[in-house]
Amino acid sequence: ALEALGDAAGAVAQEAGEAPTDASTGTLPIGRDGLLAFEETNQLADRKVIILDVDGVLHPFSSTSPFSAPCMAALRRIVEQTGAALVLSSSWQGLPSTVAKVNAALEAHGLPRVSAQTVCPNEAGYASTGADARSRAREILRWVEAHADRCTGGWVAIDDMHLQRLLPGGNFVRTEAEVGLTEANAWSAVMMLGGSSAKEQRT
């Protein structure tokens, strides 16, 4: 599985004109304090992981009121039924202040804070993220590749970008940008992660 992820990350990187990461070592840029992003290793060990976008997922893209209640409730359903940790893939990870806003909104809706972000912050805490689908997919695949030895519970990326051809099958749920995360999207994510409700439906 790690080799396949490395191949996928390499293919996306090559198309973007970048050198692929080393699949055998999970080589990634190192952020402040020598950490890969700011992940809490103990929180991620053997956990399922949701790699989460914000705009177009946690609220409609054009919304003037971020973090809509229906979208946050749908996310809470996934977390409650799978026990998944949250990894931020959005451009909201770019500044400590915007990460703090995401965490505050998550906690206000009964959700855990993000455990990691897909792009390593620099010494000032700024994380430079790509703006297009290939950049987003590349950042996700690099993070998954680098953490494949610890995050063994499975993962799913939720995003309004068209990433379905750039990420492995069974690891992506696409939302409608002007709707955000729905209960139907949540059910798809639970099924992909093998959550409790998915098991109950099969029995």
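The chat below goes through a predicted model of one protein chain.

Biologist: How many helices and strands does the protein chain have?

Modeller: The protein chain has seven helices and five strands, and along the sequence these follow the pattern α-α-β-α-β-α-β-α-β-β-α-α. Please keep in mind that this is a predicted model.

Biologist: In what order do the strands sit in the sheet, and is the pairing parallel or antiparallel?

Modeller: The five strands form an open sheet in the order β3-β2-β1-β4-β5, with parallel pairing. At the edges stand β3 (116-117) and β5 (172-174), each of which has a single partner strand, so one side of each is left without a neighbour in the sheet.

Biologist: And how many bridges join β1 to β2?

Modeller: Those two parallel strands are joined by four bridges, and Ile-51 stands opposite Val-87 in β2.

Biologist: Moving to the inside, which residues have the most contacts within the largest nonpolar core?

Modeller: That core has 30 residues, and Ile-50, Leu-75 and Ile-78 are the ones with the most contacts inside it. Two or more residues come from each of β1, α3, β2, α4, β4 (155-159) and α6, while the largest share, six residues, is given by α3. There is also a second, separate core of 19 residues, which includes Leu-44, Ile-51, Leu-141 and Leu-167.

Biologist: What is Ile-78 in contact with, if we leave aside its neighbours within four places in sequence?

Modeller: With those neighbours left aside, Ile-78 is in contact with Ile-50, Gly-83, Ile-158, Leu-181, Ala-186, Ala-189, Val-190 and Leu-193. Among these, Ala-186, Ala-189, Val-190 and Leu-193 are also buried residues of helix α6 (residues 183-193), as is Asn-185.

Biologist: Where on α6 do its buried residues lie, seen down the axis?

Modeller: They fall within an arc of 140 degrees, so they line one face of the helix. As a general point, an α-helix has 3.6 residues a turn, so residues three or four places apart point the same way. Just after α6, Gly-194 takes a positive phi of about 70 degrees.

Biologist: New topic: how many aromatic pairs does the structure hold?

Modeller: The structure holds one aromatic pair, formed by Phe-67 and Trp-92 in an edge-to-face arrangement, with 5.2 Å centre to centre and 70 degrees between the planes. The pair links distant parts of the chain, 25 residues apart, since Phe-67 is in the loop between β1 (49-52) and α3 (69-82) and Trp-92 is in the loop between β2 (85-88) and α4 (96-108).

Biologist: Is Trp-92 buried or exposed, and why?

Modeller: Trp-92 counts as buried because its relative accessibility is 16%, and the cut-off for buried is under 20%.

Biologist: Last one: what part of the protein chain do buried residues make up?

Modeller: Buried residues make up 49% of the 203 residues in the protein chain. The accessible surface comes to about 9,400 Å², of which 51% belongs to carbon and sulfur atoms. As for contacts between residues at least 6 apart in sequence, 70% join residues at least 24 apart.

Terms used. Residues are numbered from 1 along each chain as its sequence is written. This is a predicted model: local features need pLDDT of at least 70, side-chain atom pairs count only at pLDDT 80 or more; totals for chains, interfaces and linings use all residues. Side-chain values use heavy atoms; hydrogens and water are left out. Rings of Phe, Tyr and Trp (its six-membered ring) pair if their centres lie within 6.5 Å; planes under 30 degrees apart count as stacked, over 60 as edge-to-face and the rest as tilted. Buried means under 20% relative accessible area, exposed over 50%, partly exposed in between (1.4 Å probe, protein chains only). The arc is that of the directions from the helix axis to the C-beta atoms. A nonpolar core is a set of buried Ala, Val, Leu, Ile, Met, Phe, Trp, Tyr and Cys residues joined through side-chain atoms within 4.5 Å. Contact means heavy atoms within 4.5 Å. Two strands pair if DSSP finds at least two bridges between them. Accessible areas come from the Shrake-Rupley method with a 1.4 Å probe; for residues, only the protein chains shown count as cover.
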